[in-house]
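Open the model in your viewer and keep the selection tool at hand. This tour goes from one selection to the next.

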Amino acid sequence: MRDAQESRPAPPVHVAIIMDGNGRWAKARGLPRTAGHRKGVDAVRRTVEAARELGLGYLTIFSFSSENWRRPDDEVSELMGLLRYYLRSEIAELHKAGVRLRVIGDRRRLAPDIVRLIDNAESLTRGNTALTLVVALSYGSRQEIVQAARRLAEDAAAGRIDACAIDEAALSARLFTHDIPDPDLIVRTSGEKRLSNFLLWQSAYAELVFVDTLWPDFTKHDLEVAIEEFHRRERRFGATTAGGR
Ligand code: IPE
Ligand code: IPE
Ligand code: MG
């Protein structure tokens, strides 16, 4: 007889999370939104550890969208400050735990010192294999697809690629995620049911799970529940089930 451990299905390779609800968490407590963002950093720490323990290959976290630049200046600076703090205080721990860090998004809008911290963290952790933590920062999926299309057009104009040879692989290869497998599961917290410009191309066949928990309250248990829901879904990729039913 197989024991419970053995019969548990293999975890999804790549889970991506839209971390939403920091503002509402703070508002419910009569605190400024920034207090919610600070608590959100603790939830990131917990979730990264949980992802490692659960044996995920990739965890992507949506930390700041291209559209989040439209928020009030003081909120944007607070978020950037927290990012600096996270990069400075967590990298040694992440490295020790065998986590590889990758940051996707438009770095041109980030402060030069943040770009340096990211570059250093990425090179330090490049060889790690326990988990790849992908941080989507100043990230917008439409912008990502547009820049991939622009690169394809440039390559075609320069004669490096034949327009007829442009296929899904050619476009995927020009996305920020060129070396990252598509997410199997996308989780959004806080009860909102939309993608908000996150991994639009990559999520073609992802299972979507929406949970009511606000991001600062998210725990390993919430991640496990989302993964259980993923295992209950039947992924067909456009085909029929085994047996043709
Ligand atoms: C998610 O929480 C964090 C970021 C988008 C940076 P929000 O700040 O969007 O929180 P709500 O949606 O206002 O509650
Ligand atoms: C999506 O959340 C972006 C991140 C979680 C970083 P938002 O709170 O910005 O999304 P909308 O505005 O509710 O769609
Ligand atoms: Mg929100």
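Select ligand 2 and the residues around it: I18, M19, D20, F62, S63, F64, S65, N68, R71, R188, R194 and S196. Keep in mind that this is a predicted model.

Now colour that shell by class. Four residues are nonpolar, four are polar and four are charged. Next, show strand β2, residues 58-65. This strand gives the largest share of the shell around ligand 2, four residues.

Zoom in on the side chains. Pick S196: an N or O atom of its side chain is 2.6 Å from an oxygen atom of ligand 2. Move to R194, where a polar side-chain atom lies 2.8 Å from a ligand 2 oxygen. Then pick N68, with a polar side-chain atom 2.9 Å from an oxygen of ligand 2. On its own, ligand 2 has 390 Å² of accessible area, and the protein covers 77% of that.

Go on to ligand 1. Select its surroundings: M19, D20, G21, N22, G23, R24, R33, H37, S63, N68, R71 and L79. By class, this shell has two nonpolar, six polar and four charged residues.

Which helix gives the most to the shell around ligand 1? Show α2: three residues come from it. Both α2 (22-27) and α3 (33-53) supply at least two.

Finish with the contacts of ligand 1. A polar side-chain atom of R33 lies 2.8 Å from one of its oxygen atoms. For N22, a polar backbone atom is 3.2 Å from a ligand 1 oxygen. The protein covers 86% of the 380 Å² of accessible area that ligand 1 has on its own.

Conventions: Residues numbered from 1 in each chain as written. Chains lettered and ligands numbered in written order. Predicted model: local features only at pLDDT ≥ 70, side-chain atom pairs only at ≥ 80, totals over all residues. Heavy atoms only, no water. Near = heavy atom within 4 Å. Polar contact = N/O pair within 3.5 Å; in protein donor to acceptor, adjacent residues only side chain to side chain. Areas by Shrake-Rupley, 256 points an atom, 1.4 Å probe, with all protein chains shown as cover. Nonpolar A, V, L, I, M, F, W, Y, C, P; charged D, E, K, R; others polar.
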